[in-house]
Amino acid sequence: MAIVEAHDLTKVFNGRKAVDSLDLEIEEGEFFGLLGPNGAGKSTTVAMLSTILRPTRGTVTIAGYDIKRQAKEIRRLIGVVPQEFGLYDELTAAENLAYFGKLHGVEGGKLKVRIEELLRLVQLQDRANDLVKTFSGGMKHRLNLVVGLIHEPKLLFLDEPTTGLDPQARLAVWELIKRFQSEGVTILLTTHYMEEADYLCERVAIMDRGKVIALDSPARLKRSIGKLEVIEVKARKVTKKVLNELRKLKGVRKAARTTEGLRVLTPAANEVMARVVTLASFAGVQIDSLNVAQPTLEDVFIKLTGKTLRD
Ligand SMILES: Nc1ncnc2c1ncn2[C@@H]1O[C@H](COP(=O)(O)OP(=O)(O)OP(=O)(O)O)[C@@H](O)[C@H]1O
Ligand SMILES: [Mg+2]
């Protein structure tokens, strides 16, 4: 039996569907990802699956319990790491963990041992008795990650756990959450970083505008690009107008702007590269580099929606 089963899950806010008829099954022990741009409906999905928000329509069971009728049983089994910090600045690291432990009915010697374990896991054992307000951003971030683990949940929701971190801190968090999984915790992670979903997740649901538009392992998603090739263009000052002209070029299936320049999907990379160069020189766009790249999850998203995850 799947640990998460959602069917036709829908949330309407003011007449707009934030989550639109989502079907999802997550197996016990799996590392599952929801990948999508801002506003795709990731946090709303997590809020419904974790019993915080009532669905407008649809059914969800967590480990066989129904979210509408058995929320209490479910809350014992799940941990939530929200997108915004949930820590108390005026408490110490250990006091924060004790507070959340007691909320979940963990007490006494068991609580003490668990606090020590978790602080060691995030290398804050020496700072156990310091107030959280004296912590650096990275330290708060690490502590926030383990708060949701205090009661040893079977299923952990991580909502954008690395947003805003620098690349080095992000790597440290990745290694940490991989350890959570290796201790037997099922993980549902949301992210808008395609590298993160690719590196961590066994299966990924790509979301856009409330809908799941693709769901598979990262490798199979990337293979779904099929015979298309990806041209990666590093260039500055690519305007909307240039992008629109590029999209009209013969052989261009999809094109989207990225932070570095452009990505172009085409069945004929060599011919299209020459056309891109010509167009760029007419338009006064300076190309720094141009090459055929391996498909990424970003390209899967571009193929399906015509835009990038950051658009
Ligand atoms: N409480 C609310 N009331 C009204 N609209 C909401 C509410 N919460 C979310 N929405 C809307 O629902 C849509 C999905 O939002 P959600 O926060 O789930 O997206 P997300 O994928 O988590 O985005 P992000 O990457 O920015 O966190 C958005 O259009 C958002 O404005
Ligand atoms: Mg969100």
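How many helices and strands does the protein chain have? In this predicted model, the protein chain has 11 helices and 14 strands, where helices (H or I, at least four residues) and strands (E, at least two) are DSSP runs numbered from the N terminus. Residues are numbered from 1 along each chain as its sequence is written, and chains are lettered from A and ligands numbered from 1 in the order in which they are written. Local features need pLDDT of at least 70 and side-chain atom pairs count only at pLDDT 80 or more, while totals for chains, interfaces and linings use all residues; side-chain values use heavy atoms, with hydrogens and water left out.

Along the principal axes, the C-alpha atoms of the protein chain fill a box of roughly 70 × 45 × 35 Å. Of the 311 residues in the protein chain, 51% are buried (buried means under 20% relative accessible area, exposed over 50%, and partly exposed in between, with a 1.4 Å probe and protein chains only). Among contacts (heavy atoms within 4.5 Å) with a separation of 6 or more, 68% are accounted for by residues 24 or more positions apart.

The magnesium ion (ligand 2) has Ser 43 (OG) and Gln 83 (OE1) as its protein donors, at 2.0 to 2.4 Å. Donors are N, O and S atoms within 2.8 Å of the metal (3.2 Å for Na, K and Ca), and sites may look incomplete because water is not among the atoms. The pair links distant parts of the chain, 40 residues apart: Ser 43 belongs to helix α1 (residues 42–49), and Gln 83 to the loop between β6 (78–81) and α3 (93–103). Ser 43 counts as partly exposed at 29% relative accessibility, and Gln 83 is partly exposed with a relative accessible area of 37%.

Helix α3 packs against helix α5 (residues 137–147) at an angle of about 20 degrees, with the axes 10 Å apart. Axes are lines fitted to C-alpha atoms, for helices over the stretch in contact, and angles run from 0 to 180 degrees between N-to-C directions. The two helices α3 and α5 are thus roughly parallel (angles under 35 degrees count as roughly parallel, over 145 as roughly antiparallel, 65 to 115 as roughly perpendicular and the rest as oblique). In this contact, Ala 93, Leu 97 and Phe 100 of α3 meet Leu 143, Val 146 and Val 147 of α5. The contact of α3 with α5 comprises 6 nonpolar, no polar and no charged residues; Ala, Val, Leu, Ile, Met, Phe, Trp, Tyr, Cys and Pro count as nonpolar, Asp, Glu, Lys and Arg as charged, and the others, Gly among them, as polar.

The axes of α3 and helix α4 (residues 108–121) come within 10 Å and cross at roughly 130 degrees, so α3 and α4 are oblique to each other. From α3, Ala 93, Ala 94, Leu 97, Ala 98, Gly 101 and Lys 102 take part, and from α4, Leu 111, Ile 115, Leu 118 and Leu 119. By class, 8 nonpolar, 1 polar and 1 charged residues form the contact of α3 with α4.

Helices α9 (residues 240–248) and α10 (residues 269–283) pack at about 150 degrees, with their axes 11 Å apart, and are therefore roughly antiparallel. Here Val 242, Glu 245 and Leu 246 of α9 meet Val 276, Leu 279 and Ala 283 of α10, a contact with 5 nonpolar, no polar and 1 charged residues.

Thr 258 lies in the loop between β12 (254–257) and β13 (261–266) and counts as buried at 16% relative accessibility. Apart from neighbours within four places in sequence, Thr 258 is in contact with Arg 263 and Thr 308.
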